[in-house]
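Open the model in your viewer and keep the sequence panel beside it. The stops below follow one another as selections.

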Amino acid sequence: LALVVQSRYHFFGLPVTGAEVGLVLRYALQFAQSMESFLQSLTQTELCLVAIERISSYSQLPPEAALQQPGADAALGAWPSKGDIHFKEVTMRYRADLPTVLNGISFRVPGGTRL
């Protein structure tokens, strides 16, 4: 940039000093920083506008159905009412080639119990 300024002014017969070149470089750096800040502001504004657009579109969606459908309780008749867990003679190993780590263990966990 400094060479362009020097060659342009030197072409017109005007001498360019080092201080003037430094001033041009300083303003060029400040301009670049200002442009970066401006672009960050534009990006932030665009993100806010997209968020507003999404909220607007979500507010126009039809409401979802109720959580409890009429007659849904009749379908729960076959569902267990308690939460009991029964283990009877459980045998377990981590892999087929490893020995068993649980050998015939049996226990019961009543409903509502925390493990």
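Before the tour starts, one term: two rings of Phe, Tyr or Trp count as an aromatic pair if their centres lie within 6.5 Å, and the pair is stacked when the planes are under 30 degrees apart. By that rule, a search of the whole structure finds 1 aromatic pair. Keep in mind throughout that this is a predicted model.

**Stop 1: the whole chain**

Show everything as a cartoon. The chain holds 3 helices and 2 strands. Read from the N terminus, the elements run α-α-α-β-β. Now switch to a surface. The accessible surface comes to about 10,700 Å², and carbon and sulfur atoms account for 62% of that surface. Of the 115 residues, 3% are buried. Turn to contacts next. Among those with a separation of 6 or more, 19% join residues 24 or more positions apart.

**Stop 2: the aromatic pair**

Select Phe87 and Phe107, and show the rings. Which arrangement do Phe87 and Phe107 form? The pair is stacked, with 4.7 Å from centre to centre and 15 degrees between the planes. Phe87 sits in strand β1 and Phe107 in strand β2, so the pair links parts of the chain that are distant, 20 residues apart. How accessible are the two? Phe87 is partly exposed, at 33% relative accessibility. Phe107 is also partly exposed, at 36%.

**Stop 3**

Two elements give two or more residues each to the patch: β1 (85-92) and β2 (102-109). Centre on Tyr94 now. Tyr94 lies in the loop between β1 and β2. Is Tyr94 buried or exposed? Tyr94 is exposed, with a relative accessible area of 66%. Patch members need over 30% relative accessible area, and Tyr94 has that because its value is 66%.

**Stop 4: the salt bridges**

Show the charged side chains. Side chains of opposite charge can pair when their charged atoms come close. How many salt bridges does a search of the whole structure find? The search finds 2.

Select Asp84 and Arg108 for one of them. Their side chains meet at 3.2 Å, N to O. Asp84 is in the loop between α3 (72-75) and β1, while Arg108 is in strand β2. The two residues are 24 apart, and the bridge links distant parts of the chain. Asp84 is partly exposed, at 27% relative accessibility. Arg108 is partly exposed too, at 48%.

Move on to Arg95 and Asp97. These form a salt bridge, with the closest N and O atoms 3.3 Å apart. Both Asp97 and Arg95 are exposed.

**Stop 5: Gly111 beside Asp84**

Where is Gly111 found? Gly111 is in the segment after β2. The C-alpha atoms of Gly111 and Asp84 are separated by 4.6 Å, although the residues are 27 apart along the chain. Leaving aside neighbours within four places in sequence, Gly111 is in contact with Gly83 and Asp84. Gly111 is partly exposed, at 38% relative accessibility.

**Stop 6: the backbone at Glu89**

Return to strand β1 and select Glu89, which is found in that strand. Display the backbone torsions. Most residues other than glycine have a negative phi. What is the phi of Glu89? Glu89 has a positive phi of about 50 degrees, and Glu89 is not a glycine. Glu89 counts as exposed, at 64% relative accessibility.

Technical notes: Residues are numbered from 1 along each chain as its sequence is written. This is a predicted model: local features need pLDDT of at least 70, side-chain atom pairs count only at pLDDT 80 or more; totals for chains, interfaces and linings use all residues. Side-chain values use heavy atoms; hydrogens and water are left out. Helices (H or I, at least four residues) and strands (E, at least two) are DSSP runs, numbered from the N terminus. Buried means under 20% relative accessible area, exposed over 50%, partly exposed in between (1.4 Å probe, protein chains only). A salt bridge is a side-chain nitrogen of Lys or Arg within 4 Å of a carboxyl oxygen of Asp or Glu. Contact means heavy atoms within 4.5 Å. Accessible areas come from the Shrake-Rupley method with a 1.4 Å probe; for residues, only the protein chains shown count as cover. Rings of Phe, Tyr and Trp (its six-membered ring) pair if their centres lie within 6.5 Å; planes under 30 degrees apart count as stacked, over 60 as edge-to-face and the rest as tilted.
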